[in-house]
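Below are some comments on the two-chain model you sent. They are set out as numbered points.

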Amino acid sequence: MDGINLVNTDIIFDSKPEAVPYNYRISYKVSLICLSMALCCGRSGCSLIKLQMLSNAVSNPETKAQLLGFLNSNLRRQFLVRFDPVVNRALDFCIVDNLIYQQANGLFRLTQKGKDFSAAIKDDKDILKIEREILDKISLNLTEDKITELTDYWRNINATN
Amino acid sequence: MLRINRLKVLIKATNKEYIFDESFNSGLNLLTSDDNTKGKSSVLIAIYYCLGVEEIIGGVNEKVLTSVYKTVIEDDNGRWPVLESEMFLEITNGTDVVTLYRAAKKEGRDTKLVTVYYSSIKDMYNGIVGVEDFYVHMQNAATNVNGFHTFLENFLGVTLPVVLSTDSVERKLYLQLIFAALFIEQKNGWSGIYSGMPYLAIKDSKKKVTEFILGLNTFDKEKRKSVLSSEESAIKEEWKEVIQEIIITQSKEQCIVNNIPYRPEIVNDKFLEHINICKSFGEREDIQLWIEELMKEHDELKTVRPKVIDNYDELQIELEKVEDLISESNSNIEQLQVELRYIRNNIFGLEQNYEKIAQDIVNNKDAQKLRDLGSEHQCLSFNGICPVCRQEISDSLLPVQHGEVVMSIEENIRHLTAQKVMLSYALESNRNRKAYIDGKIQEIRNQLIMLQRLAKSLRNDLYSVDEDLSETIIYKRMSISKKIDDLKLFIENIDSLAKKLVKLSERWNKLLTQKAELSKLEFGKKDKVILEKFQNHFVKNLKKYRYTSISNITDVEISKDSYMPVIDKFDMKFDSSASDNIRAIWAYTLGLLQTSREVGGNHFGIIMLDEPGQHSIGSEDTKAFFDSISMLGDKCQAIVGITINNPGIRGIVEGLDNINVINVGARAFK
């Protein structure tokens, strides 16, 4: 078949800029981590697992209900924690941006800059409204002890002799 | 106008009663002391307090007052606890004199209570003097008859304009806002023009105050605008109702009415003639033709003898036809119902997506705000810079391939907004389609009922005795004659509705004309003249007080949008040094008074300034300022609190004629 050459020049494909969901933005995740540490952590510091749990709880109503159910019940020991690499990456940014530091015991704490930043977020009542509501509800109930209990349970659950 | 005649303050302490009692004249009154912290500001605060405008200082009721009124008073012998404190302010509007009494600390007396004695301070305890109590800082204090500011408004003989609040509710322009333009307080009054104005949720409050003081016509315009806009929405609503009625009746009668505008417009004379009604099914013929046809059919049926025996075969054929039609209609309904289900699902899905996107936009806007907030806190990663190696990074926590471009938050918001628009469009078209199908199903069902009835009559006829009357023919005749009547009534109905539209269109025409006239008024000639005068006064004042931050002072303009001084369309404040900023406030405050007097505006004819000599303002300029106040003569009153702590100022004060100097000495309260 005699092909008709319709295209005389080369075709160049340009990649279009890709949309990024808001919860994968550096600004959003980093701010959320700072805010959750300010609202849900006491003086002793905050573990990575806790940050993962909090970050997952604010992401949708279902996970929120799961975490609140876990916190309000003394009988439920099983809880599935979703480890999101995005949180780890955001935490890296928090550390290099000097918002958070890691203590010798491995737990994380807000630096003065981090505290100032989260205070500024708290002052603006219009941002992170829903997230704030959930974090306020969780408040200080998710203790490190509870998390240790949970990880111990993981360790033992499938242990066989 | 408002004049302060006399102020009397009584403070009862544990040791004795302290008194400040001085009279004020028209023209310039100087409240002086040799040093700071002698009680000048406390005296001036008493005036704010008695007038119920202490919000300008920064709060309501006694908490804004200095400690001498509330806790401790100091004298040479020590500090004495305050037991009671009260203030009396004698004011006049030119004809009547009243005394305002308000307590700052008195057991059993509410600080929100202001007692008005209809006499001077001297005669207030005379038995025949009328006394009335009013309240300040309570709900509706500005509009209630027992509100003190309602009294003050009447006493001053002004009508405060109704303005829009930030939540679009109509409110009276508060007196506190107006006084903030006349009384400049020491602590925050000198940071800018109108900087002491309290926030009372009035839209464009600064602009409205200037408009009121200068007596600009825009208020009248706004009022007319709001009348017109309510008329506009009324017409639109009535128009919509008429159209709705037409739509409902037309589908009931299986007709379509053409050439009816769906939104208000000015219709031409031939509008009524152009309205055309036609059949909505089959061939789109005119309603008159349809009626004629129906009448013909009706007449034909009349000639048929309604006996069954004559048309047995015909009945059989007709029954088949009708049954065909019934099954066709049934299958039509089924098809439509399938489509309806599909559309319902569509709408449900679209609505969910729409909500999700709306939430996404909110979250992205949050992320944007957080990014800006983080930049303020020097978070490098928020600005797309790696805090470790200082290289550019993309704003994403997902692994980014080399060369891949990531949307910025702004782009993302735009992208989502575009999606939202698309979804709302899809939603709307689906909803329209759903409404159409609903109507269609209803229509077919109505038809079906008729057909079933007809089929039933046909069947009855087929099985009846030969000599019986044919039920079908009678039923047909009846239904046709009913249809004809209905259609005739429908035509009449549409006619009267169309006439309604014509009337509405006349109103619409009038409204548009009025609107056009109003926009011509944009900046009335009179307003222009007033603003020019204001600008001249302002610039003249600036020159007098040796404003030097701008080389060419004649370039300064009063903005027609905000009535603030601008240079090259930018706020003049940005170009001013600290002391020049003070000069600008002098020039503006005095300019308002000068202009209002010239053009018959609403200025109360009083200004009160606490320590106008802020920053490095020289005594020469202060003299120029005092001179311009004195030039206004007796027709206005200025009360100025000033510390005489250098020989320059002392010389000036001593050199001034016709002024009332009240020296508080070592202590204002003795």
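How much area is buried between chain A and chain B, and what percentage of that area do carbon and sulfur atoms give?

1. This is a predicted model. The area buried between chain A and chain B comes to about 3000 Å², and carbon and sulfur atoms give 65% of that area. On the side of chain A, A:Tyr22, A:Arg25 and A:Ile26 supply 21% of the area that chain A buries against chain B, more than any other three residues.

2. Chain A brings 34 residues to the contact and chain B brings 35 residues. One salt bridge is found across the interface: the side chains of A:Arg25 and B:Asp395 meet at 3.6 Å, N to O. Polar contact across the interface involves 14 residue pairs, with both residues at pLDDT 80 or more.

3. Helix 1, helix 4 (85-96), helix 5 (112-123) and helix 6 (129-138) of chain A each give two or more residues to the side that touches chain B. Helix 1 of chain A gives the most, with six residues. The chain A side divides into 19 nonpolar, three polar and 12 charged residues.

4. A:Ser36 sits in helix 1 (residues 26-40) of chain A. A:Ser36 counts as buried because its relative accessibility is 5%, and the cut-off is under 20%. A polar atom of the A:Ser36 side chain lies 3.2 Å from the backbone oxygen of A:Ile33. Leaving out residues up to four places away in sequence, A:Ser36 touches A:Cys41, A:Leu54 and A:Leu135.

5. Chain B has an open sheet of three strands in the order 14-15-16, with antiparallel pairing. Strand 14 (557-558) and strand 16 (570-571) are the edge strands. Strand 15 (residues 565-567) and strand 16 of chain B pair over two bridges, and B:Ile567 stands opposite B:Phe570 in strand 16.

Terms used:
Residues numbered from 1 in each chain as written. Chains lettered and ligands numbered in written order. Predicted model: local features only at pLDDT ≥ 70, side-chain atom pairs only at ≥ 80, totals over all residues. Heavy atoms only, no water. Helix = DSSP H or I, 4+ residues; strand = E, 2+ residues; numbered from the N terminus. Buried < 20%, exposed > 50% of the residue type's maximum accessible area, 1.4 Å probe, protein only. Polar contact = N/O pair within 3.5 Å; in protein donor to acceptor, adjacent residues only side chain to side chain. Contact = heavy atoms within 4.5 Å. Pairing = 2+ DSSP bridges. Buried area = accessible area lost by both parts, 1.4 Å probe. Salt bridge = Lys/Arg side-chain N within 4 Å of Asp/Glu carboxyl O. Nonpolar A, V, L, I, M, F, W, Y, C, P; charged D, E, K, R; others polar.
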